Amino acid sequence: MAVLLVLSAVAAIALYHLFLRYRSLARNIALAKSSGLPVVVTPWHVFSVFWLATYYIWIPLLQKLPASCKGLWLELLDPEWSYRLAHKPFEQLGADVFVVASPTRLTAFVADAEVVTQITTRRNDFPKPLEMYGRLDIYGKNLVTTEGSDWRMHRKLVAPSFGERNNELVFKETLHNTQSLLRLWTSPDTGADKTLNDAATDTMRWALYIISGAGFDVRVPWPHEENDEPGDEETRADSIFMSSKVPPGHKMNYRGALSELLHNIMWTMMGPPEYLTKSPFKIHRTVGTAVVEWGKYMDEIYQTKRKQVAEGHSAAGMDLFQALIRGSGILDEKQTAIQKSDLLGNAFVLMLAGHETTANALHFSLILLAMHWQSQKHLQDDVDKIIQGRPIEEWKYEEDFPKLFSCMPAAVMNETLRIIQPVINIPKSTAPSRPQQFTMGGQQYTMPGDTTIWLSAAIHRNPKYWGDPAHDSKSNGLRDADRFRPERWLVDAKPTEAFVDINYDDEELRGPSGEDTSSHLFKPVKGSYIPFSDGFRSCIGRRFAQVELLAAFAVFFSQYSVELAVDEWASDEEIERMLKGGKERKEIWQKAADRAQHLLRTKTASIITLQLRGCSIPIRVVKRGEERFMFDY
Ligand code: HEM
Ligand SMILES: *[C@@H]1O[C@H](CO)[C@@H](O)[C@H](O)[C@H]1NC(C)=O
C-alpha cells in the first residue's frame with residue numbers, strides 16, 4: 001500500500017512536471033510564432049550544459065527513430081549544425097531567419113545580411129548574452145565578457161594598442177616565427193618521412209609565440225632553437241624570457257599551461273581551481289593546475305611590467321600589458337575604477353582570442369591549399385611577383401602588406417575564413433520583455449524578448465550572396481558557395497555604394513575598424529561576410545590577424561609548397577616509381593583529398609573555435625620544385 005502511494009506520488013509529480021514543461025513549450029511556441037518567422041520545435045534547449053556535454057551519445061540513438069518521426073528538429077539538435085549543414089536548414093524553411101522553440105528557451109538563427117547588420121549596429125537592442133562567456137572570466141572581467149558601460153571601459157583600455165602603428169611589429173614577429181616554424185617542419189630530424197601528423201599543435205605554438213612577442217614582449221624560444229643565440233629583435237633589455245623548461249616554482253611550462261587550459265576550458269565551469277586540483281578525475285586536476293599555473297605566469301608578467309612602467313620604461317612596440325597598466329591609472333595614487341583583475345582578465349582574453357583563431361586559420365589554409373593545388377600555384381605566383389626574390393630581412397610592412405592584401409594571399413585568407421569560420425555562431429540576444437522589431441526584404445518582424453540569437457556561419461554559404469552556378473562542381477556535385485575557390489575574391493567588383501563606418505560616439509572605442517577592402521576586388525554584401533563579426537563588437541584584432549596570416553603566407557609560399565601526405569596509401573618508393581603527373585599518382589592523391597574533405601566535414605567541432613577534433617589531416621611541406629602532387633595539366 002505504502003509503495004503504491006509513493007509510486008503514485010512520484011508519477012503525479014512527474015506528470016505535473018511534464019505538464020509544466022508542455023505548458024512552457026506551448027507558450028514559447030506561441031511567442032516564437034508571434035515573430036512572423038518560421039518556427040522549429042525541439043524537445044529541449046540545445047545550448048544547455050547537459051546537452052552540450054552529452055549530445056554525441058544521444059544523437060546516434062535518436063537517429064534510430066523511424067523516418068516519419070525524424071526531421072529538421074533532429075538535425076538542429078547537433079550544436080555544430082551551422083558549419084556542417086550550412087545553409088540547408090534555411091532553404092528547407094524558406095527563410096534566412098528562423099526561431100527554434102524549446103520548453104526553456106527561444107533561439108533564433110540568422111543568415112540574412114540585412115538582419116545581421118541591424119543586429120550588429122543596434123548594440124543596446126541586441127546585447128551579447130553574457131552568461132555564455134563565463135568561462136572567459138577566470139582571471140577577471142574583460143572586453144569580451146562585458147556589455148554597456150563596463151565594455152566601454154575595457155574597450156577604451158585595450159583599443160589604443162591596436163592602432164596601425166603596431167602592425168609593423170606584428171609583421172616582423174610573424175616573419176621571425178614563421179621561419180622558425182618552417183625550420184621545425186623541414187629539419188631532417190622532424191621525422192624520417194617528413195609527414196606532419198600534428199600540424200595543428202605547431203600552428204598553435206606559432207600563434208602563441210607571435211601574440212606573446214608582439215603583444216606582450218614575452219619571448220619564448222622554439223624547442224629546436226632553445227640553444228641558439230637570440231637574434232637582435234629578441235634582445236631588448238625589457239623583454240621577458242620564458243623557457244620551454246619548467247622554471248622553479250612552476251609545475252608546467254609557459255606554453256603547456258596555456259594549452260592545457262584552452263583544451264579543457266569547459267571544465268573550469270565545474271568550480272574554482274582549488275576544488276579542481278583535488279578532484280578524483282585526472283582531467284580536472286590537470287586543468288585546475290593549468291589555471292593556477294597560467295595565473296602565476298600572468299602575474300609574473302604583470303609584476304615585471306608594473307615595475308617597468310613605474311620606472312618610466314616603455315617598450316618599443318605594442319606592449320599590451322604596459323599599455324593596460326598605464327591606461328588603467330592603477331599606479332597613480334588616486335582611486336581608479338579599474339582593478340588588477342581587469343588587467344589580468346584582458347591579458348588573458350587577448351592571449352586566447354589572439355591565438356586559437358589565427359592558429360586554426362593558418363592550419364586550415366594549409367590543408368585547403370594542399371587540397372587545391374591550382375590555387376596554391378596561383379598564390380605562389382602572386383607572392384613571387386610581390387617578393388621578387390628579396391631576402392626576408394628586406395620585407396617591409398608598409399610596402400609589402402598592402403600588396404599582399406590585394407591579390408591571392410588575401411583571397412586565400414578570405415576564402416579560408418569564409419569556408420571554415422573559426423567562430424561558427426556569433427552570440428547575440430534580446431533582453432527579457434524587450435522584443436525588437438527588425439526588417440528583412442521590406443517586411444517587418446519582431447524578435448521576441450529573452451531570445452538567444454546566433455549570427456550563423458551559414459551566411460557564408462548562402463547562395464543569395466555567394467556562389468556562381470557556372471562554378472558548381474561537376475565532379476562531386478558541390479555548389480560553388482560550398483567550395484573553396486579563393487579566385488572568387490579576385491573578380492572585378494561591381495561599383496558599390498561608398499563605405500560608411502559605424503558611428504562611434506567616442507573615437508577611443510574604435511580600434512582597427514574602418515574599411516577592410518581593396519577597392520577593385522570582390523566586395524561582399526554588407527553583413528554577409530562576418531568572420532570577425534561586425535559593428536561595435538567586431539574583432540579588435542582583425543588587422544593583427546590579417547597581418548599575421550599574410551606575412552606567414554609570404555614566408556611559406558615563397559619557398560615551400562604544402563601537399564597532402566599519402567603514407568596511408570603508398571610509400572615514398574612506390575610514389576617515386578609512378579609517373580610524375582600520371583594517372584596512378586593522381587588516384588593516390590585523390591584518396592587523400594577525399595579523406596581530407598570527409599574529415600573537414602565531419603570531424604570539426606568547436607570548444608571556443610572550430611578545430612579538427614580527435615583526428616588530423618597529415619601534410620608535408622616540400623621545397624618548391626620538389627612537389628610530388630602538383631599536377632601540371
Ligand atoms: C583569424 C583570426 C580571428 C578571428 C576569425 C576572430 C574573430 C572574432 C569574432 C567573431 C569576434 C566577435 C566575438 C563575439 O561577438 O563573441 C571577435 C572579437 C574579439 N577578438 Fe577576434 N578574431 C581573430 C583574431 C584576433 C586577434 C589576433 C586578437 C587579439 C590580438 C583578437 C581579439 C579579439 C577581441 C579582444 C574581441 C572582443 C572585442 C569586443 O567585444 O570589443 N582576435 N574576434
Ligand atoms: C577580403 O575581404 C574583404 C571584406 O572583408 C574585401 O573587402 C577584400 O577585397 C577581400 N580581399 C580580397 C583579396 O579579395
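How far does a polar side-chain atom of Arg537 lie from an oxygen atom of ligand 1? The distance between the polar side-chain atom of Arg537 and the ligand 1 oxygen atom is 2.8 Å. This report describes a predicted model, in which local features need pLDDT of at least 70 and side-chain atom pairs count only at pLDDT 80 or more, whereas totals for chains, interfaces and linings use all residues. Residues are numbered from 1 along each chain as its sequence is written, chains are lettered from A and ligands numbered from 1 in the order in which they are written, and side-chain values use heavy atoms, with hydrogens and water left out.

## The surroundings of ligand 1

Ligand 1 is surrounded by 27 residues, where a residue is near a molecule if one of its heavy atoms lies within 4 Å of it. Tyr133, Trp151, Arg155, Arg537 and Cys539 are the closest of these. The shell consists of 18 nonpolar, 6 polar and 3 charged residues. In this division, Ala, Val, Leu, Ile, Met, Phe, Trp, Tyr, Cys and Pro count as nonpolar, Asp, Glu, Lys and Arg as charged, and the others, Gly among them, as polar.

The iron atom of ligand 1 has Cys539 as its only protein donor, through SG at 2.2 Å. Donors are N, O and S atoms within 2.8 Å of the metal (3.2 Å for Na, K and Ca); water is not among the atoms, so sites may look incomplete. Cys539 belongs to the loop between β10 and α19. Helices (H or I, at least four residues) and strands (E, at least two) are DSSP runs, numbered from the N terminus.

Polar contacts are pairs of N or O atoms within 3.5 Å; within protein, one must be able to donate a hydrogen and the other to accept it, and residues adjacent in sequence count only if both atoms are side-chain atoms.

| Pair | Distance |
|---|---|
| Leu143 (backbone N or O atom) and ligand 1 (oxygen atom) | 3.4 Å |
| Trp151 (side-chain N or O atom) and ligand 1 (oxygen atom) | 2.9 Å |
| His87 (side chain) and Glu91 (side chain) | 2.5 Å |
| His87 (side chain) and Asp96 (side chain) | 2.8 Å |
| Thr145 (side chain) and Asp137 (side chain) | 2.7 Å |

Two strands pair if DSSP finds at least two bridges between them. Strand β2 (residues 97–101) runs antiparallel to β3 and is joined to it by 5 bridges, with Val100 partnered by Thr107. These two strands form a hairpin with 4 residues between them. Strand β10 (residues 451–456) pairs with β3 in the parallel sense, also over 5 bridges, and Trp454 of β10 stands opposite Phe109.

## A second sheet

An open sheet of 3 strands has the order β4-β14-β11, with antiparallel pairing. Its edge strands, β4 (195–196) and β11 (560–564), each pair on one side only. Between β11 and β14 (residues 619–623) there are 5 bridges, and Leu564 has Ile619 as its bridge partner.

## Buried residues in loops

His87 occupies the loop between α4 (81–84) and α5 (88–93) and is buried, with a relative accessible area of 5%. Apart from residues up to four places away in sequence, His87 touches Asp96, Ala111, Ala458, Arg461, Asn462 and Pro463, contact meaning heavy atoms within 4.5 Å.

Ala86 is placed in the loop between α4 and α5 and is buried at 2% relative accessibility. Most residues other than glycine have a negative phi. Ala86, although not a glycine, has a positive phi of about 50°. Asp217 likewise is not a glycine and has a positive phi, of about 55°. Asp217 lies in the loop between α9 (199–216) and β5 (218–219) and counts as buried at 3% relative accessibility.

Thr145 is in the loop between α6 (113–121) and α7, and counts as buried at 3% relative accessibility. With neighbours within four places in sequence left aside, Thr145 contacts Leu130, Tyr133, Leu136 and Asp137.

Notes
Buried < 20%, exposed > 50% of the residue type's maximum accessible area, 1.4 Å probe, protein only.
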